[in-house]
Amino acid sequence: MREGLTAPSKRLPSRFFYDAEGSRLFERICDLPEYYLTRTEAEILESAGPDLAERLPDIETLIELGSGSAIKTELLIRAFEPDRELRYAPIDVSRSALEDSVARLEERHPDLEILAAVAEYETGLAALERLDLGPTLLVWLGSSIGNLERNAAGAFLDRLRCEMSLEDRLLVGIDLRKDRETLERAYDDRQGVTARFDLNLLTRINRELGADFDLDRFAHRVHYDEVSGSVQSFLESQRRQTVRIGALGLEIAFEAGERIHTEDSVKYSPEEIDALAAQAGLSLERRYLDRAQRFTLNLFAPAG
Ligand code: AVI
């Protein structure tokens with residue numbers, strides 16, 4: 001927080017969005033008419049599920065990074081479950097989201113073994129690495145990869161590949177580049193839910209770090225940068241003001257119109273996905289798209 005808020009261009013890491021309220025608001029975003037990502041990925045998972053189950057007969061465990069509500073993953077679990085005993089290991093920073101999803105899955109899938117980890121990706125993966133989970137499908141949905149800058153995304157895929165044995169596979173949902181209007185509307189909806197999601201970061205800093213951000217003095221702004229292929233979200237100061245952050249002993253000055261960059265949602269072309277995978281030592285086994293070709297689900301294997 002200190003580093004981001006005292007930098008010449010202020011910015012905060014988007015992973016701090018997900019306290020209980022942030023996770024709840026994100027679930028509402030997923031249902032918004034403008035936020036096509038969740039619906040589209042669910043459409044792909046529904047149609048690709050049987051093909052994936054058939055292609056991957058030996059998989060015993062699904063590890064999911066950033067599982068959230070796990071509603072889409074349940075489509076996969078349903079496709080895999082009839083033919084095998086399956087283990088599901090979700091990793092998420094939100095305890096409330098994990099508790100709710102695990103309770104639901106336990107009720108609906110009594111034979112499913114569940115090992116849940118409230119953790120950031122790296123810590124959760126390190127904990128699971130110590131267990132013998134058999135052939136594993138690592139699942140990373142929702143285009144969460146887009147919240148990493150391109151080089152960091154490549155480095156993280158490379159890190160995942162290093163942990164994979166030859167029979168493991170990686171399934172990644174990645175949003176595609178498309179027209180500005182569709183993208184900017186997806187991240188700045190009419191009901192203002194995404195604005196509340198963005199502003200909730202300030203509420204969290206107020207509560208957890210004793211700050212005095214006045215939410216009425218900041219506004220949610222979105223810009224699609226076509227060159228970098230990134231939808232950038234900002235909180236814009238509506239006037240000149242100073243904010244105190246008690247726990248950090250900081251006073252932060254804002255000019256009118258000055259912005260805190262809170263999120264990047266990077267979009268890829270199919271060619272960019274191929275290059276990213278190659279750079280990480282992964283080979284594409286199969287790419288599934290929705291009918292309107294807005295979103296991709298990519299099945300990767302460690303390259304020979
Ligand atoms: C979690 N992540 C992939 C979402 C996205 O699309 O970048 C977070 C989000 N931010 C605003 N709306 C949704």
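In this predicted model, the lining of the largest cavity is made up of three nonpolar, three polar and two charged residues. The residues behind these classes can be named one by one: Phe17, Tyr187, Thr194, Phe197, Asp198, His220, Ser233 and Glu263 line the largest cavity. Helix H9, which spans residues 193-209, is the element that gives the most to this lining, with three residues.

How much space lies in the largest cavity? The computed value is about 30 Å³. The count of cavities of 30 Å³ or more comes to one. For readers new to this kind of analysis, rolling a probe the size of a water molecule over the atoms shows where empty space is left.

Which elements supply at least two residues each to the lining of the second largest pocket? They are helix H6 (121-129), strand S5 (136-140) and helix H7 (150-163). Helix H6 provides the largest share of the lining of this pocket, namely three residues.

Conventions: Residues are numbered from 1 along each chain as its sequence is written. This is a predicted model: local features need pLDDT of at least 70, side-chain atom pairs count only at pLDDT 80 or more; totals for chains, interfaces and linings use all residues. Side-chain values use heavy atoms; hydrogens and water are left out. On a 1 Å grid over the protein atoms alone, a cavity is a set of points where a 1.4 Å probe fits but cannot get out, and a pocket is an open set with protein on both sides within 12 Å along at least five of seven lines; lining residues have an atom within 4 Å of a point. Grid points are joined across faces, edges and corners, and a volume is the space filled by probe spheres set on the points. Helices (H or I, at least four residues) and strands (E, at least two) are DSSP runs, numbered from the N terminus. Ala, Val, Leu, Ile, Met, Phe, Trp, Tyr, Cys and Pro count as nonpolar, Asp, Glu, Lys and Arg as charged, and the others, Gly among them, as polar.
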